[in-house]
Amino acid sequence: MQHSVHLTIHPIAIAHTPFSEKFSIPRQPGLAPAAIAKIELIPPYDEPLALEGLEQVSHVWLLFHFHGVPSTQSEHRLRVRPPRLGGNEKIGVFASRSTHRPNGIGQSLVKVERIEGSCLWVSGVDLLNGTPIIDIKPYVPYADCLASAYNHIAPDTPELIEVNWREGALHAAEQQSQRLQQEVIALIEQCLAQDPRPAYQKHQPEREYGAQFWDINVRWRYPTATSIEVINIVRVTVDTEGEEQ
């Protein structure tokens, strides 16, 4: 029997995060505590009353839309290749947290930092900047934390790799941290230590990688298979025609 049920979901907030692109975003929430985001409620929910009571809650679930994934890439996809399994092994889409989902809906458990008017500040986010939030729910420890729960696909926290800095890059990061009033060094280290490379990619010491955090372009390489060297930090500027330099 086929059911023709159509749903319309409207965002209730927009997430403002440090992540300007998908590459290097933590693969799960909570892995980068320095990743601070402002969850800004939008009309008609942009009233402090909507957040009343959350000052008594330490963590919330954010339900959101994977707006950075084209729907054509996720449509009718039944199996995916999780990075946790090396990027080559397939499992069912509903056994994973892949961004390629039938309805493009994700969820993240994040820590509440503070409330300012109709904005909720949270940490440990794994969301692309501009992500539409479709719901916010309080974490309930007795119901959400199950001592008997298990996941044999991802049983442990990913092993971290060493992150080192070139002297000039570290100095530049310190300057950007002062300018942005953000934990730039901590965020870069927490994200890169999770090794954002595709799991199936072979080690290439001479290859450079890059990602943008806020308006900062970060470049790094892998001197060894288990270490990273941050080699350059440059602020991204925009010319008069709106093109990045």
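The model is predicted: local features need pLDDT of at least 70 and side-chain atom pairs count only at pLDDT 80 or more, while totals for chains, interfaces and linings use all residues. Residues are numbered from 1 along each chain as its sequence is written, and side-chain values use heavy atoms, with hydrogens and water left out.

Leu-7 has a relative accessible area of 73% and is exposed; the classes are buried under 20%, exposed over 50% and partly exposed in between, with a 1.4 Å probe and protein chains only. Together with Val-5, Ile-9 and Ile-105, Leu-7 forms a nonpolar surface patch with about 420 Å² of accessible area. Patches take residues with over 30% relative accessible area and no salt bridge, joining nonpolar side chains (Val, Leu, Ile, Met, Phe, Trp, Tyr) within 5 Å and like charges within 9 Å. The areas come from the Shrake-Rupley method with a 1.4 Å probe, and for residues only the protein chains shown count as cover.

## Nonpolar core

The largest nonpolar core contains 51 residues, and those with the most contacts inside it are Ile-39, Val-60, Ile-136, Val-230 and Ile-233. Helix α4 (residues 184–192) gives the most to this core, with five residues. Such a core is a set of buried Ala, Val, Leu, Ile, Met, Phe, Trp, Tyr and Cys residues joined through side-chain atoms within 4.5 Å.

Leaving aside residues up to four places away in sequence, the contacts of Ile-39 include Ala-13, Ile-14, Leu-62, Cys-119, Val-122 and Ile-136. A contact here means heavy atoms within 4.5 Å.

Ile-39 belongs to the covered face of strand β2 (residues 36–41), along with Ala-37 and Leu-41. The uncovered face carries Ile-36, Lys-38 and Glu-40.

β2 pairs with β1 in the antiparallel sense over four bridges, and Lys-38 of β2 is the bridge partner of His-16. Strand β7 (residues 119–123) also runs antiparallel to β2, joined by five bridges; there, Val-122 is the bridge partner of Ala-37. Strands count as paired if DSSP finds at least two bridges between them.

In the loop between β2 and β3 (59–65) lies Gly-53, which is partly exposed at 24% relative accessible area.

## Salt bridges

Eight salt bridges are found in the whole structure, each being a side-chain nitrogen of Lys or Arg within 4 Å of a carboxyl oxygen of Asp or Glu. Asp-215 forms one with Arg-179, the closest N and O atoms being 2.7 Å apart. This pair links distant parts of the chain, with Asp-215 in the loop between β10 (208–213) and β11 (216–224) and Arg-179 in helix α3 (residues 167–180), 36 residues apart. Arg-179 is partly exposed at 33% relative accessibility.

Glu-208 and Arg-219 form another, with closest N and O atoms 3.5 Å apart; the pair joins strand β10 to strand β11 across 11 residues. Glu-208, at 43%, is partly exposed, and Arg-219, at 28%, is also partly exposed. Glu-229 meets Arg-221 at 2.9 Å, N to O. Glu-229 is buried at 16% relative accessibility, whereas Arg-221 is partly exposed at 23%. Shared partners join Arg-166, Arg-221 and Glu-229 into one salt-bridge network.

Conventions:
Helix = DSSP H or I, 4+ residues; strand = E, 2+ residues; numbered from the N terminus.
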